[in-house]
Amino acid sequence: MDKKNPSFVRDPDLLVACIALAVLIIVTISGVAARYIVNRPFGWMEEVQLWCLIWTSFLGASVVARYGGHIAIDAFIGLFPRALRRLAYGICQIVTIAVLGFFGFYAFRLVMQMHATERSTNILNIPYSVIYAAVPVSCLIMVLVAIRNLITPRRELTAAEAAIEEVENV
């Protein structure tokens with residue numbers, strides 16, 4: 001995977017997140033203009049913003065997970081010997097899989113409940129199951145990323161590991 005050049009072909013979740021973000025920005029700016037310039041706010045704006053914000057946030061999280069961009073406090077782990085660092089990394093991936101699996105399972109149940117009750121937004125009638133489907137989808141993607149990280153060896157070092165190796169090699 002080319003970590004420096006994300007691709008919409010390789011990363012369809014990135015494409016959807018970018019489209020949702022663009023729609024969110026356009027709707028928000030046009031909503032502000034409609035409210036303060038024309039003095040006629042859009043009634044449907046909040047529903048579209050809700051949908052876009054949820055999909056952008058959760059799919060963006062899955063993209064960041066795939067590219068290793070989530071915040072990690074690894075200075076303490078960086079002090080461990082290499083074998084112990086790898087063990088800690090594996091434990092971290094297992095905990096990630098467990099937490100995201102739990103969260104994704106209950107998010108899926110919520111989506112199914114929204115679908116069964118046919119709840120939808122008031123103005124645009126967007127089913128809440130469609131809006132909240134981003135949560136289990138992104139959890140599934142992040143679980144798959146964590147499984148891949150657990151199975152395949154890491155090629156790049158964290159900043160702390162790189163600094164330690166630099167000191168050890170001097």
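Biologist: At what angle do helix H1 and helix H2 pack, and how far apart are their axes?

Modeller: Please keep in mind that this is a predicted model, in which local features need pLDDT of at least 70 and side-chain atom pairs count only at pLDDT 80 or more, while totals for chains, interfaces and linings use all residues. Residues are numbered from 1 along each chain as its sequence is written, and side-chain values use heavy atoms, with hydrogens and water left out.

Helix H1, which covers residues 12–36, packs against helix H2, residues 45–66, at an angle of about 150°, and their axes are 8 Å apart. Helices here are DSSP runs of H or I with at least four residues, and strands are runs of E with at least two, numbered from the N terminus; axes are lines fitted to C-alpha atoms, for helices over the stretch in contact, and angles run from 0 to 180 degrees between N-to-C directions. The crossing of H1 and H2 is left-handed, meaning that the near helix is turned anticlockwise from the far one by less than a right angle. The contact of H1 with H2 has 16 nonpolar, 6 polar and 3 charged residues, where Ala, Val, Leu, Ile, Met, Phe, Trp, Tyr, Cys and Pro count as nonpolar, Asp, Glu, Lys and Arg as charged, and the others, Gly among them, as polar.

Cys52 counts as buried, at 0% relative accessibility, where buried means under 20% relative accessible area, exposed over 50%, and partly exposed in between, with a 1.4 Å probe and protein chains only.

Another pair can be read in the way just described. Helix H3 (residues 82–117) and helix H5 (residues 134–151) have axes that come within 8 Å and cross at roughly 160°, so H3 is roughly antiparallel to H5. This crossing of H3 and H5 is left-handed, and their contact holds 16 nonpolar, 6 polar and no charged residues.

Gln93 lies in helix H3 and is buried, with a relative accessible area of 8%. Apart from neighbours within four places in sequence, Gln93 is in contact (heavy atoms within 4.5 Å) with Ala146, Asn149 and Leu150.

Definitions and conventions
Parallel < 35°, antiparallel > 145°, perpendicular 65-115°, else oblique.
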